[in-house]
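Here are my notes for your first walk through this model. Keep the structure open beside you and take the points one at a time.

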Amino acid sequence: MKTVLLNNFLRYVKMDTMSMEDVSQTPSTEKQFALARLLVEELKKLGLKDIYLSKECFVYATLPTNRTDCDDSIGFIAHMDTIPGFSGTNVNPNIISNYDGKTIPLKGIELNPKQFPALKALKGKTLITTDGTTVLGADDKAGIAIIMTMLWHYVTTNEPHATLHVAFTPDEEIGTGIEHFDLDRFPCKYAYTIDGGAFNDINFENFNAASAQITLHGLDIHPGSAKNQMLHASEVAMEYHAMLPKEQKPEYTDQYEGFIHLTQMDGSVGEAKLSYILRDHNKALLEKKKQIMKDAMDFINKKYGKGIAEIQIKDSYQNMAEIILKNKECLTRAKKAMEALHIMPTSTPIRGGTDGARLTFRGLPTPNLGTGGYNCHGPYEFACLEEMEQVTKIIIEISKVK
Ligand SMILES: [Zn+2]
């Protein structure tokens, strides 16, 4: 199984599937289709049913149960694209068997256990790193390889399994793909995204998210005759920003602490704009953050005049925990699968959103399972083959007929 998994993984990471920001169509890049078509061919060879590649580059397929008395169905999802910010062209994976625990030199950079302490626990394992010039794309081709290996396992062994729906999706990294997910092609009780961190992690909590845009209107007068006349919009913008709680910035928060993050500022004398994102796992605390933003606006308007500051707040996505905790079966099933394999499950709150969170709010509870990928979104990315193998075993266990 390990060899199949490794070969799957290497085949997928070598394909450039970088997505691109600010493109209105899905997929954002045509090249994602190349991987989608390869997966369609491989799914056909495995003999899956209802294989479908949509015009938005979603691959769907089903492995029907091999038991007559089973009406159980589960879904598995992984994304095909890699991050737009760093090159995914000519990925040249570097395989290290029996890792000696020392610094790994790559082109121009190195993976140093002092800088990346997670390496220390991986001594003796098989690591797959970049050559130092690209991402690896383990985010999320590790997920795809794991799912494909799980399917290969059931097709070759014919051990009893539930009906398994799989989907490979585009444009996860830019957050725009999932709205085109066709739930009618994915008729299961619940699903799992296989994406990201620790191999024993079950993630079912993510941020509640909103954005806020503040516009400050100034009064632009020739600086030579500005005394007691000019209202400098950018000065007022800085005053507004200074009123926000300093400890609630991303650089000072972790775990369950939310934040208010200034993402962009533009300003002149006449007008200034501040763009923020607001995040919190706790819905009430997110509302509190919105209130802080409004209170600061009211203060500015009281001080300088009505309408000087305006605010526009938009909700972006919600914490799936709200729904998952009412449909706990997907969590217990994953936990039991890990325990059967003597793996201790952990649960880390995601400090972001997930495609699964959006699907959860569309009616398909979809927590996330880790992949054994590390340092995603840059040249320091690497994966541990044995941990990917563990995740493959976990989803094989999850898929067993109950
Ligand atoms: Zn990912």
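Predicted model: local features only at pLDDT ≥ 70, side-chain atom pairs only at ≥ 80, totals over all residues.

1. The protein has nine helices and 17 strands. Residue numbers start from 1 along each chain as its sequence is written.

2. Now the overall dimensions. The C-alpha trace spans about 85 × 50 × 40 Å along its principal axes. For 402 residues, a compact globule would have a radius of gyration near 21 Å, and the 24 Å of this protein agrees with that. That radius is taken over C-alpha atoms, and the globule rule is 2.2 Å times the number of residues to the power 0.38.

3. How much of the protein counts as buried? Of its 402 residues, 45% do. A residue is called buried if 20 or more other C-beta atoms lie within 10 Å of its own, exposed if 12 or fewer, and partly exposed in between, with C-beta atoms placed from the backbone. As for contacts with a separation of 6 or more, 77% are between residues 24 or more positions apart. Two residues are in contact if their C-beta atoms, placed from the backbone, lie within 7 Å.

4. Within α1, Leu5, Leu6, Asn8, Phe9, Tyr12 and Val13 are buried. They sit on the same side of α1 because they cover an arc of only 160° around the axis, the arc being that of the directions from the helix axis to the C-beta atoms. Thr3 and Asn7, on the other side of α1, are exposed. The cover over the buried residues includes α2 (32-46), β7 (127-129), α3 (138-157) and α9 (385-399).

5. In soluble globular proteins, nonpolar side chains tend to be buried together. Here the largest nonpolar core has 80 residues, and Ile147 and Ala383 have the most contacts inside it. A nonpolar core is a set of buried Ala, Val, Leu, Ile, Met, Phe, Trp, Tyr and Cys residues joined through C-beta atoms within 7 Å. Helix α3 gives the largest share of this core, 10 residues. Another core, of 23 residues, lies apart from it and includes Phe207, Phe259, Leu274 and Ala309.

6. Leaving out residues up to four places away in sequence, Ala383 touches Ile128, Leu136, Ala138, Ala142, Gly372, Gly373, Tyr374 and Met388. Ala191 belongs to strand β9 (residues 190-194) and is buried, with 24 other C-beta atoms within 10 Å.

7. Which residue pairs are joined by a cis peptide bond? One is Thr26 and Pro27, where omega is about 0°; Pro27 is in the loop between α1 and α2. A cis bond also runs from Asp139 to Asp140, with omega near 15°, and Asp140 is in helix α3.

8. Finally, look at two aspartates with positive phi. Asp22 has phi near 60° and lies in the loop between α1 and α2. Asp22 is exposed, with 8 other C-beta atoms within 10 Å. For Asp50, in strand β1 (residues 49-53), phi is about 50° although the residue is not a glycine. Asp50 is exposed too, with 12 other C-beta atoms within 10 Å.

Note on methods
Helix = DSSP H or I, 4+ residues; strand = E, 2+ residues; numbered from the N terminus.
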